[in-house]
Amino acid sequence: MRKLQTLVAAAVAVTLLAGCGGGTASPAASGEASTAPAAGSGETLVIYTNSNGEGRGEWLTTKASEAGFKIEVVGAGGADATNKLIAEKNNPIADVAFGLNNMYFSQIKAEDVLEPYEPAWAGQVDKELGDGETYWPLVKQAILLGYNSDKFSKDAAPQDWTDLWTKDEFKDRYERVTGLGTATAQLVFAGILSRYRDDSGDLGISDEGWKQVEQYFQNGSPAVAKTDLFARIASGEVDMGQMPSSIIAEREKSFKVNVETVIPSLGVPLAVEQVALVKGTEKKEQAQKFIDWFGSADVQGAWAQQFNSMPVNKGAEAKANPEVVDFFASLKQQDIDWEFVQENMGAWVEKIELEYMT
Amino acid sequence: MSGTSARSMLRSPFVLVVGAVLTWFVAAFLVWPNLNVLIATFFPDGSFSGRAAEKLFSSQRAMKALGNSFLLAVALSITVNLVGIFIVLVTHYFRIRGSRILFLGYASTFIYGGIVLAAGYKFIYGDKGIVTSLLMKVFPDMDPGWFSGFFAVLVVMTFATTTNHMLFVASALKGIDYQTIEAARNLGASTWTILRRIVLPMLKPTLFAVTILSFLTGLGALSAPQVLGGRDFQTITPMILTFTNSPTSRDLAALLAVILGVATMLMLAVMSRLEKGGTYFSISKVSSALQKQDISNPVANVAVHAVAYLLFAVYTLPVVLIVVYSFADGAAIQTGQIALDSLTLDNYVRVLTQQSGLRPFIVSVIYSALAALIAVGGLLFVARLLQRYKNWVASVFEYLLHIPWILPSALLALGLIISYDHPNPLVGGTVLTGTTVILLIAFVTVKIPFTLRMLKASFESVNASLEEAAAIMGAKTLYVFRRILLPLVLPAASAITALNFNSMLDDYDTAIFLAHPLVQPLGLVIKANTDGAEGVQGVANTFVYTVLLMVITGVTMYLVYGRASRRGATGKRARALPPVQPMTASIPGSPVGEALDGKESAAPVR
């Protein structure tokens, strides 16, 4: 029995020690991240983003600290970050949010979570890509239909999304999504459904439009969890599918496949990643300075160089990968009424998940 | 013995103190936040709409997926028990050659689960898998995609979720009085009769508890159907997760979750009913430790050995492959092309030399340890009371404590945020959001139902005459609890603590909403490193983190469970049964396992 007492005592001691550890770990460890004293933790900017993967978060933390900003990047998927910002609106924790696309930001803005701010670099970007008031564009991403160019010549390849299910040779040869949770999938459907806008139709879309969705799901090969589309292309399971422009070059190399993309005559949907100031932040001035710094031509140029992205800031284009810049210059942007899309996307996703996904 | 009515409870100061704390905790952290989130979900404008039900019931896909989830839950409740009881008997009851090695193999499910486990099975039995390729040489006509659909999902999940059997049923088996078995044999009972009439009935409370867990695991199935279910066998959880993430469809998610929750509660009620009135402890005055049994029939003996070793192979192959694949590059993992000379340490170097370094590991270890200890420590008292007093008050509390099983963890987290983002009298007028405490609260609450079920089952199998004797000799309630009951349930309590600890290490769903920005746990880092639209490095990182977690959970299991069972092995048993091997392992099994992979596939949203 004595053993038991010792055990309980030890457990209590461990708990208490761990409790202290939990309390003190934060300032100490954040002191490591930058050499500033722990007392400065009051000025640490909390940045929410979905664009922290593949070393982006660390790159940003390092560069920001060189420029005198102490930041803590909190990464989350686009939908998670959006929900989190909205849930915290009464007592905001984030100071700045970036990386989410225009669709997510317009949702966040509708919940009154953003503080209007015009960054110093507002004149260097196309205001149309943001809302010109609260969120401002940083990076452009094209949502594309890509195909295995070793199997299909340009002429034999599909010319538009709709070819996938209307032409027999592509049936079951394209990967279709198994969930509409991702931003990429939602943008693909924004691009397809926008063409069939009909205010008298269900959720603003004509019957013809919904039939396209039905066909898309009936004739595609369902995506496989944790198996990349490029892996499936490499193994010959499928030949084509949706992909955001920024990943293509790297995946082609990794999986040793050649992929070309389709530019439909209507154009392709663009996702534009944005930055915004969170309403109710106690470090407003510092946060504004950070936004001014982060969106500047220099930093955006360096970001583009590092991560092969397409900056919106015109001053940053020179530093970006010329191939990427050329690609976007040749790209026709699909004309999409984002307000209409944002209003309806939730309902569309729900309808598609419930009725069309098999 | 004093009565067990609601009125008699009021007379004990012990009950009053525990009751007061429990009432506050249940009200503040189980009822209030979840009520808030359900109201916000179902009455968005102050009025109720039947929209969610209408939409769901008219959706073919939702109904089919829901049906599949139920089918899987029922099927799993049966298959997991079959396999689970078999491996427990083989390792702890029958005399089988190499049972310690077998044990280590079966214990592999303790240390991993979720999407990586499903991927591991796919490497072996999938269309490009090792076993499939071998079979194709023998039967050229067979379908390479044979391992998919309901059958494949059921097989994988059955083998993946025997963790609770290995821990709790095995521990209950060790408590059986050997004299009863000997007596039965002297009266001429066969091995089979003894098993059926003596051994299994004694295991009932534990079997009921683990059956509920298997049922719950089946209902919440996520990654195995995603990887192996194919077109025909998809379950409801992915849909719940998608709808949870979309504010306009959250009512559908909540409704689906409530449907699953109600089913779980019904299952719980049925099991509680079955459990009632039985005597699940040895009533002999001097009980002795279990000795391993020979299987007398030579044919049966050979058959049992063969099946035991076959299962051993089934259990261990995926783990071996996952460890091997964690050294390969992401493209090789996904295409299934692997060459031994292409294995490098690059993946590990990349993961371990990140800027954040070991910090997230430490944060997660501290959070998980605290939450596991608090949950088990607090519920030891509660479970004891619920087992002791069987009346309506106790039942109400018991069901309230299961609330975290009803809602998905993202909704639980949202409930906590909207309830405590302003000064609230329930928590002394403080604001909890943005503090380090709120995540701890969430971790503790999420673990309550599992902890309670297993602790209660373990109290059920304590011989009541022990405490009666102590009480007659004048021992006080707390003294009886501390000196008589606690030592008896401690092995189970340690195992539960370890499982809880392990299951929270890589939590994402709760942490994403509640973590303090400066104290981010491991789950968020794993997510950032594995999500990358499922790219090349992302998939490789997933495997590396799985292996790293296997190491941590293995060490935990060794420290907590291995030592706890050795302590339990007294002199006599120590001779009969060699000291229990330190297990190389621990959790993601249980309902827990699925919660775990929930986070991996829940938010590929980018």
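Colleague: Hi! I'm looking at S11(A). Which residue stands opposite A:Val275 there?

Modeller: Hello! In this predicted model, A:Trp136 stands opposite A:Val275 in S11(A).

Colleague: And which strand joins S11(A) by seven bridges?

Modeller: That would be strand S5 of chain A, residues 135-148. S5 and S11(A) run antiparallel.

Colleague: What about S3, how does that strand pair with S11(A)?

Modeller: Strand S3 of chain A, residues 96-101, pairs with S11(A) in the antiparallel sense, over four bridges. A:Val275 turns up here too, as the bridge partner of A:Phe98.

Colleague: How many bridges join S4 to S11(A)?

Modeller: Two, and the strands run antiparallel. S4 covers residues 114-115 of chain A. One pairing to look at is A:Glu115 with its bridge partner A:Leu277 in S11(A).

Colleague: How many residues of S11 in chain A are buried?

Modeller: Nine of the nine, over residues 270-278, so the strand is largely enclosed by the rest of the structure.

Colleague: Let's switch to a helix. How many residues of H3 in chain A are buried?

Modeller: Ten of the ten, so H3, at residues 78-87, is largely enclosed by the rest of the structure. The buried residues include A:Asp80, A:Asn83 and A:Lys84, as well as A:Leu85 and A:Ile86.

Colleague: Nice. Now chain B: how many helices and strands does it have?

Modeller: Chain B has 30 helices and zero strands. It has 606 residues, and 60% of them count as buried.

Colleague: What share of its contacts comes from residues 24 or more positions apart?

Modeller: In chain B, such pairs account for 81% of the contacts with a separation of 6 or more.

Colleague: On to the interface. How much area do chain B and chain A bury between them?

Modeller: About 5900 Å², of which 57% is on carbon and sulfur atoms. The contact takes 68 residues from chain B and 74 residues from chain A.

Colleague: How many salt bridges does the rule find across it?

Modeller: Three salt bridges between chain B and chain A. One of the pairs to check is B:Arg51 with A:Glu350, whose closest N and O atoms are 2.8 Å apart in a salt bridge.

Colleague: How many residue pairs are in polar contact across the interface?

Modeller: Twelve, counting pairs with both residues at pLDDT 80 or more. Helix H14 of chain B, residues 237-245, gives the largest share of the side of chain B that touches chain A, with five residues.

Colleague: Is B:Gln520 buried or exposed?

Modeller: Buried: its relative accessible area is 13%, and the cut-off for buried is under 20%.

Colleague: Which backbone oxygens does the side chain reach?

Modeller: A polar atom of the B:Gln520 side chain lies 3.1 Å from the backbone oxygen of A:Val73. Within chain B, the side chain of B:Gln520 reaches the backbone oxygen of B:Pro517 at 3.0 Å.

Colleague: And what does B:Gln520 touch, not counting residues up to four places away in sequence?

Modeller: In chain A, B:Gln520 touches A:Glu72, A:Val73 and A:Val74. In chain B, B:Gln520 touches B:Pro360 and B:Val363.

Technical notes: Residues are numbered from 1 along each chain as its sequence is written. Chains are lettered from A and ligands numbered from 1 in the order in which they are written. This is a predicted model: local features need pLDDT of at least 70, side-chain atom pairs count only at pLDDT 80 or more; totals for chains, interfaces and linings use all residues. Side-chain values use heavy atoms; hydrogens and water are left out. Buried means under 20% relative accessible area, exposed over 50%, partly exposed in between (1.4 Å probe, protein chains only). Contact means heavy atoms within 4.5 Å. Two strands pair if DSSP finds at least two bridges between them. Buried area is the accessible area (1.4 Å probe) that two parts lose on being put together, summed over both. A salt bridge is a side-chain nitrogen of Lys or Arg within 4 Å of a carboxyl oxygen of Asp or Glu. A polar contact is a pair of N or O atoms within 3.5 Å; within protein, one must be able to donate a hydrogen and the other to accept it, and residues adjacent in sequence count only if both atoms are side-chain atoms.
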